[in-house]
Amino acid sequence: LMRSSASSDVYKRQNVKSVIIIRTKPPKGDGFSGPLRSDNGFHHYFRTGNSVDLKYRTRGLELFANYGWWYGNNRDDRMNDMTTTTSASRYKQSIRTTGKQSYNDMTGKIGFSFMFNEKHSIGAYYQNSWNRHRSTGTILSEVRQDGALLDRYDSDVDNKMTGLPSHNINLYYNGTIGKFNIDFNADYLWNKNRETSLSDELSETGDNRNAVSYTHLTLPTIA
């Protein structure tokens with residue numbers, strides 16, 4: 001943030017005794033730097049998360065590259081009971097859900113920033129990411145009215161979601177020309193997602209049902 005002579009006159013007319021001036025300073029230290037991280041665990045299934053953030057700095061130029069990968073599975077086993085009471089009857093529904101969730105996510109980013117001086121700096125980056133998620137499991141449900149069985153059904157579900165790929169490009173310029181401060185920032189985003197859901201329901205007293213849904217979504221965005 002640079003203070004112009006015009007803004008200085010305004011402060012004088014308002015009898016302001018102090019003004020905070022923020023100046024952009026180049027980062028200190030040249031050369032390579034960056035942490036490496038790995039987080040691994042086991043809870044029914046193996047899970048891992050890994051990332052690397054590298055930087056190279058020389059004078060006013062900074063180059064950076066980031067990469068992350070997360071992979072693993074989760075287990076789900078829960079029981080829900082719901083009771084509904086009316087003036088005529090009492091209904092009870094018991095639902096047990098058992099399933100497995102899998103995920104495989106990756107993101108990578110490269111870019112640069114360059115500070116010409118305290119008044120001018122530019123930068124840009126490109127980021128690419130994708131993810132693959134899947135949920136499989138079984139839903140067992142039983143419905144009773146005043147203790148008598150109304151229906152009992154068994155549902156097998158298989159849901160897949162893929163985000164492949166996802167592009168993000170950013171370009172910026174910050175500078176001061178005369179009395180004018182310029183803050184230019186442009187983004188381009190492009191996402192492609194696919195989702196498939198399968199459900200196979202077997203009923204003890206009613207009709208069996210099969211359901212399939214498919215979603216394909218592409219979202220280009222310029223900001």
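Among contacts in the protein chain between residues at least 6 apart in sequence, what percentage join residues at least 24 apart?

## Contacts and overall architecture

In this predicted model, 58% of the contacts between residues at least 6 apart in sequence join residues at least 24 apart. Read from the N terminus, the order of elements is α-β-β-β-β-β-β-β-β-β.

## Burial and surface

The protein chain has 223 residues, of which 21% count as buried. Its accessible surface is about 15,400 Å², with 55% of that area belonging to carbon and sulfur atoms.

## Aromatic pairs

The whole structure holds three aromatic pairs. One of them joins F32 and Y56, whose ring centres are 4.6 Å apart; the planes stand at 45°, so this pair is classed as tilted. Because F32 belongs to strand β1 (residues 31–33) and Y56 to strand β3 (residues 45–58), the pair ties together parts that are 24 residues apart in sequence. F32 is exposed, at 73% relative accessibility, whereas Y56 is partly exposed, at 30%.

Another aromatic pair is formed by W69 and Y71, and it is stacked, with 5.9 Å from centre to centre and 20° between the planes. W69 is partly exposed, with a relative accessible area of 31%, and Y71 is also partly exposed, at 35%.

## Charges over rings

Lysine and arginine side chains also lie over aromatic faces. K109 is placed over the face of Y125, 4.1 Å from the ring centre. R132 lies over the face of W130, at 4.5 Å from the centre of that ring.

Terms used: Residues are numbered from 1 along each chain as its sequence is written. This is a predicted model: local features need pLDDT of at least 70, side-chain atom pairs count only at pLDDT 80 or more; totals for chains, interfaces and linings use all residues. Side-chain values use heavy atoms; hydrogens and water are left out. Helices (H or I, at least four residues) and strands (E, at least two) are DSSP runs, numbered from the N terminus. Buried means under 20% relative accessible area, exposed over 50%, partly exposed in between (1.4 Å probe, protein chains only). Contact means heavy atoms within 4.5 Å. Accessible areas come from the Shrake-Rupley method with a 1.4 Å probe; for residues, only the protein chains shown count as cover. Rings of Phe, Tyr and Trp (its six-membered ring) pair if their centres lie within 6.5 Å; planes under 30 degrees apart count as stacked, over 60 as edge-to-face and the rest as tilted. A charge sits over a ring if NZ of Lys or CZ of Arg is within 6 Å of the ring centre and within 35 degrees of the ring normal.
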